Amino acid sequence: MKFLIGLATFIVVIVGVVVFLVSPWPGLLLLALVLGLWMSLTRRGQQAASVTAIGVSTLRERLGSSAVIVVGIAGVVAVLVAMLAMANGYRETLRRTGGEDTAIVLRGASASEVSSVLGHDAAVVIAQAPGIARDEQGRPIASPELVVAANLPMKGGNPEEDFGSVQLRGIGEMAWKLRTNAKIVEGRRFTPGLRELVAGRGAQRQFDGLEVDHEIKLGNQTWKIVGIFESNDAMESELWGDADVVGPTYRPNGANSSTSVFARLTGPEAFEPFKAALVSDPRLQVDVETTVDYFSKQSEGTSKVITAIGIVVGAIMAIGAVFGALNTMFAAVATRAREIATLRAIGFRGVPVVIAIMLETMLLALVGGVLGGLVAWLVFNGYTASTLAAGTTGQLTFQFNVAPSVLWTGLKWALAIGFIGGLYPALRAARLPVTTALREL
Amino acid sequence: MANLVEIRNVSKVYERGKQKVEVLHHIELDIAKGDFLALMGPSGSGKTTLLNLIGGLDSPTDGSISVGGERIDRLGEGALAKWRSEHVGFIFQFYNLLPMLSAQKNVELPLLLTNLSAAQRRKNASIALQLVGLAERAAHKPTELSGGQQQRVAIARAIVSDPDLLVCDEPTGDLDRQSAEDVLGLLQTLNREHGKTIIMVTHDPKAAEYASHTLHLDKGTLVEQQGLRAEG
């Protein structure tokens, strides 16, 4: 029977913790408000507040053991927040790359740019579709582009062995009008018709030799780096050159083909007519998406994997932290067994004692959570990393983003650990017969 | 005088693994209101168990216990806690003060269970400390007080909510002779001048002399009484 009660308690606790972790902040705020009202308005709540105040006032005297909980939970939260910040940064970088008012057209059923091929005729038809914005000369802002994978030596690695994959994008003049956020910050733009490249700032950080006026070998050809650009999105991880030069170099049999056509629309509302026109055109067999949708989908798989790894690693560490908290709180409760028994003897009830011990543990957990979040923010926020982007061929540079939502998740984890770590010692303290507890120590 | 405590056919059995140990055996006892009763007996005779039953800290296996006309053996855990807070003051051998709280705050503890305002709680606690002669040590923590002073703070805590009954488990067991006499004198004053009913467990015959009656327990049975009805 005791086993069944224990099992039922465990299941209820786990379900409760899961609900707590997935609850939005208004739900948790309401919960805190209800607890606050209970503690200030009801007799039992006031008892709980009194016992909590007594326990909290002794924390300074139990600094060492309290620090075990705080530091343990801070470690869990720091790791979890760092992992989530990585996923968040990756997702944000790709999301920033797209917009509601730009569209990407790929060959039908292509998962990404590199697996798509569009012929020259198709690109011309696409550029004439309705809804595309026009430049000052009345030309449609549509950019047929060719994306290929190239290998370059990694920075700091052995130049003969350590190569990484970089995405080389062949573009036309319209690409600059389409991506107004891309700015040359060093050197100049490439000259059409020449083997010149501009490198994104992120690519420059990752690969060797991407300096203005340096020459690099790509596709058995020598290319000159003439400029560095920044765009604050995934494009920064790429090299850009003239599509009419990149095409013949990498696709000698299909020099005029492209992998995608990007188009700036007159507004987000122009997307549906634009898409409808292309999808219904019998000359084309294409998929049309807004760039925000396209890049979000591209990031989905990888960010899910990073998030899952973060949660798994965090969960493993959390289990360790729960045992740390359990150990500390069992010790604290054992040390204070007679105090707790005395309080119960003079009339304090079990529920306030349980609530008080749990609040005390959760307070320590909160401190640990804030500390862990702060450490993660200080160390990882803005930290630059790179990875192979899912669905693309190049190495994507992105920055860890310790957003408030990530910190909030870390805090919820901390509180959940504190909840579990405090519950069982609290139940023990409340269930132990007063007469037995009075004899302890 | 009317009885404050009426114990009828009370037995208490503890289970230790598969073994059952009968600690109290068919106790019959009446304690008059305003009495000062000493419970004596060898270790393991059941005197602390009997005290705990009367104080509502434990429940009998069989029999009934009425205190002030209320059948406390029928009360659930929550109701029993409430009853204790209103009717019983506890004095323990090792004082059981909360070490991080001042004497004043320790005495205020039982009043946290009442609806009194903070100011009223402070006032009542000050009065109780004054009564035990420790008004000037109100701000001191237990570690800054002698054993005798700590026990007097514990007595102030026991009486601050003005209970009918004080239960004392070896209240002088950890004190030197002089401090013990001070504490026993204080208990006697509370009994004689303030009408508190006191039940005290003690090993010390000299301490028992301060009581108006002494009962002896042996192997869970009342074996002797002076002026009280006791069968068992």
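Mentor: Domain bounds come from an automatic or database domain assignment. The model is a predicted one.

Trainee: How far apart do the C-alpha centres of domain 1 and domain 2 of chain A lie?

Mentor: The assignment gives domain 1 of chain A as 20–95 + 299–439 and domain 2 of chain A as 109–284. Between the C-alpha centres of these two domains of chain A, the distance is 47 Å.

Trainee: Which elements each supply at least two residues of the side of domain 1 of chain A that touches domain 2 of chain A?

Mentor: The contact takes 12 residues from domain 1 of chain A and 18 residues from domain 2 of chain A. By class, the domain 1 side has 3 nonpolar, 9 polar and no charged residues. The elements of chain A that each supply at least two residues of that side are α4 (63–97), β11 (384–388) and β12 (395–399).

Trainee: Which element gives the largest share of the side of chain A that touches chain B?

Mentor: In the contact between the chains, 19 residues of chain A meet 19 residues of chain B. Two or more residues of the chain A side come from each of α3 (43–57), α11 (337–345) and α14 (434–439) of chain A. The largest share, 5 residues, comes from α11(A).

Trainee: How are α2(A) and α3(A) oriented to each other?

Mentor: Helix α2 (residues 25–41) of chain A packs against α3(A) with the axes 5 Å apart and at an angle of about 95°. Angles of 65 to 115 degrees count as roughly perpendicular. The two helices, α2(A) and α3(A), are therefore roughly perpendicular.

Methods. Residues numbered from 1 in each chain as written. Chains lettered and ligands numbered in written order. Predicted model: local features only at pLDDT ≥ 70, side-chain atom pairs only at ≥ 80, totals over all residues. Contact = placed C-beta atoms within 7 Å. Helix = DSSP H or I, 4+ residues; strand = E, 2+ residues; numbered from the N terminus. Nonpolar A, V, L, I, M, F, W, Y, C, P; charged D, E, K, R; others polar. Axes fitted to C-alpha atoms, helices over the stretch in contact; angles between N-to-C directions. Parallel < 35°, antiparallel > 145°, perpendicular 65-115°, else oblique.
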